[in-house]
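Q: I'm new to this one and would like a close look at a single part of it. Could you walk me through it slowly?

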Amino acid sequence: MITRLWRGWAPAARAQEYEQHYRTEVLAVLRGVAGFKGARLLQRTTGDETEFVSLTFFDDLDAVRAFA
């Protein structure tokens with residue numbers, strides 16, 4: 001199994017919008033990728049900025065390439 005890590009930042013005031021986008025748009029695409037095994041979205045707000053860490057799990061590198 002391979003874990004892909006992605007990090008990004010958003011204004012804290014818009015963090016909920018990004019989380020909704022991830023859960024509806026990004027996960028919909030991921031579920032269609034052969035070899036996709038699951039995902040987790042972590043977030044941490046510091047001041048007026050929210051950091052996101054997305055962990056996605058795949059069977060192999062071919063599955064990662066299919067998504068990326």
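Leaving aside neighbours within four places in sequence, which residues is Tyr 22 in contact with?

A: Keep in mind that this is a predicted model. Setting aside the neighbours within four places in sequence, Tyr 22 is in contact with Leu 27, Ala 39, Arg 40, Leu 41, Ser 54, Leu 55 and Thr 56.

To place those names, let's step back for a moment. The protein has two helices and three strands, and from the N terminus on they run β-α-β-β-α. Helix H1 covers 15-31, strand S2 takes residues 36-46 and strand S3 takes residues 49-58.

Now for the core. Tyr 22 belongs to the largest nonpolar core, which has 14 residues. Tyr 22, Leu 27, Leu 30, Phe 36, Ala 39, Phe 52 and Phe 58 are the ones that touch the most other members. Two or more residues each come from H1, S2, S3 and helix H2 (61-67), and H1 gives the most, with five residues. As a general point, nonpolar side chains tend to be buried together in soluble globular proteins. Across this protein, buried residues make up 34% of the 68 residues.

What about the two strands themselves? S2 and S3 pair in the antiparallel sense, over 10 bridges.

Another spot to check on S2 is Gly 38. Gly 38 counts as buried because its relative accessible area is 15%, and buried means under 20%. Not counting residues up to four places away in sequence, Gly 38 touches Leu 55, Thr 56 and Phe 57. Leu 55 and Thr 56 are also among the contacts of Tyr 22. Gly 38 and Thr 56 are 18 residues apart in sequence, yet 5.9 Å apart in space, C-alpha to C-alpha.

Zooming back out, take the contacts between residues at least 6 apart in sequence: 62% of them join residues at least 24 apart. The C-alpha atoms fill a box of roughly 40 × 20 × 15 Å along the principal axes. The accessible surface comes to about 4600 Å², and 50% of that belongs to carbon and sulfur atoms.

How values were computed: Residues numbered from 1 in each chain as written. Predicted model: local features only at pLDDT ≥ 70, side-chain atom pairs only at ≥ 80, totals over all residues. Heavy atoms only, no water. Pairing = 2+ DSSP bridges. Helix = DSSP H or I, 4+ residues; strand = E, 2+ residues; numbered from the N terminus. Buried < 20%, exposed > 50% of the residue type's maximum accessible area, 1.4 Å probe, protein only. Contact = heavy atoms within 4.5 Å. Areas by Shrake-Rupley, 256 points an atom, 1.4 Å probe, with all protein chains shown as cover. Core = buried A, V, L, I, M, F, W, Y, C linked by side-chain atoms within 4.5 Å.
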